[in-house]
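The sequence and structure come before the text.

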Amino acid sequence: MLMTTNEPVRAGDLAEREAAALYRLMTWLSPAFPVGGFSYSSGIEWAVEAGDITDTATLTDWLDAMLCDGSGFCDATFLVHAYRATEAGAETTLNDIAELAAAFVPSRERQLETSSQGRAFIDIARAAWDADGLDAMVAACRTPPVYPVAVGVVAAKHGVSLAPTLHAFLHALVSNWISAASRLIPLGQTDSQRVLVRLEAIVAATANRALNATLDDLGSATFRADLASLRHETQYTRLFRS
């Protein structure tokens with residue numbers, strides 16, 4: 001799958017355009033991009049305290065479930081549909097997707113997490129990585145875009161291909177989960193990388209599933225993870241905001 005940008009196409013420019021798209025993805029979904037992802041654990045902090053996550057094996061199982069049957073798949077699907085609606089200029093459809101994505105968040109803290117990151121992503125993209133038509137698509141969302149919707153909108157307006165955007169988004173999501181867990185269990189750097197390796201095929205499968213999913217396919221079966229995000233709100237000692 002080729003990555004493209006919204007620059008004019010000229011003969012011999014394909015490699016340059018691919019490099020530009022890759023550069024943008026690596027920047028937008030890097031831990032250095034200031035959306036504040038480091039301050040959220042998506043309920044993993046409570047799961048560690050409760051004893052559900054204690055080592056690499058239990059962490060891998062937990063994240064596998066979140067990817068395949070929980071927020072990972074749902075966020076990936078929302079990104080796909082937001083991207084396609086933006087690409088088609090379907091403002092009403094994009095607004096409906098943004099509203100549904102916000103309604104799907106299971107807890108107050110997760111709402112804070114995804115809405116804050118979505119708002120930061122849009123604001124920074126406008127300030128440093130603006131694109132023609134981006135303001136209009138954002139304005140079409142009466143509900144402020146949550147993080148996956150924001151990424152889908154920005155990537156589409158920059159002409160970065162959907163499949164690489166989706167894979168990069170899921171990789172960043174998983175990396176942030178692992179980073180949070182590594183500070184909580186704790187895990188060493190090598191063990192953290194081992195978890196990332198074990199999830200590689202699962203990330204790819206989740207991305208491929210989301211690329212072919214309709215909004216009717218959305219759903220979560222990770223009740224324990226949702227419960228973790230709810231109980232984190234009253235956890236006595238906390239390193240993270242969710």
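This is a predicted model: local features need pLDDT of at least 70, side-chain atom pairs count only at pLDDT 80 or more; totals for chains, interfaces and linings use all residues.

## Largest pocket

The largest pocket has a volume of about 610 Å³. Its lining is made up of 30 residues, and those nearest the pocket centre are Leu29, Ser30, Pro31, Ala172 and Leu173. Helices that supply two or more lining residues are H1 (14-28), H4 (71-88), H6 (108-128), H8 (147-157) and H9 (162-184).

H9 gives the most to this lining, with 10 residues. By class, the lining of the largest pocket consists of 16 nonpolar, 10 polar and four charged residues.

## Second largest pocket

The second largest pocket holds about 250 Å³ of space. It is lined by 20 residues, with Ser71, Phe104, Pro106, Arg110 and Asp226 lying nearest its centre.

At least two lining residues come from each of H4, H6 and helix H12 (223-231). H4 gives the most, with four residues. The lining of the second largest pocket divides into 10 nonpolar, seven polar and three charged residues. H4 and H6 are also listed among the elements that give two or more residues to the lining of the largest pocket.

## Packing of H4 and H5

H4 also packs with helix H5 (residues 91-103): the two axes come within 9 Å and cross at roughly 160°. Angles over 145 degrees count as roughly antiparallel, and H4 and H5 are therefore roughly antiparallel to each other. The crossing of H4 past H5 is left-handed.

On the H4 side, the contact is made by Phe78, His81, Ala82, Ala85 and Thr86, and on the H5 side by Thr93, Leu94, Ile97, Leu100 and Ala101. Seven of the residues in this contact of H4 with H5 are nonpolar and three are polar, with no charged residues.

## Packing of H3 and H11

Helix H3 (residues 56-69) packs with helix H11 (residues 200-211) at an angle of about 15°, and their axes are 9 Å apart. Angles under 35 degrees count as roughly parallel, so H3 is roughly parallel to H11. H3 and H11 have a left-handed crossing.

Asp64, Leu67 and Cys68 of H3 make the contact with Ile202, Val203, Thr206 and Arg209 of H11. The contact of H3 with H11 comprises four nonpolar residues, one polar residue and two charged residues.

Note on methods. Residues are numbered from 1 along each chain as its sequence is written. Side-chain values use heavy atoms; hydrogens and water are left out. On a 1 Å grid over the protein atoms alone, a cavity is a set of points where a 1.4 Å probe fits but cannot get out, and a pocket is an open set with protein on both sides within 12 Å along at least five of seven lines; lining residues have an atom within 4 Å of a point. Grid points are joined across faces, edges and corners, and a volume is the space filled by probe spheres set on the points. Ala, Val, Leu, Ile, Met, Phe, Trp, Tyr, Cys and Pro count as nonpolar, Asp, Glu, Lys and Arg as charged, and the others, Gly among them, as polar. Axes are lines fitted to C-alpha atoms, for helices over the stretch in contact, and angles run from 0 to 180 degrees between N-to-C directions. Angles under 35 degrees count as roughly parallel, over 145 as roughly antiparallel, 65 to 115 as roughly perpendicular and the rest as oblique. A crossing is left-handed if the near helix is turned anticlockwise from the far one by less than a right angle, and right-handed if clockwise. Contact means heavy atoms within 4.5 Å.
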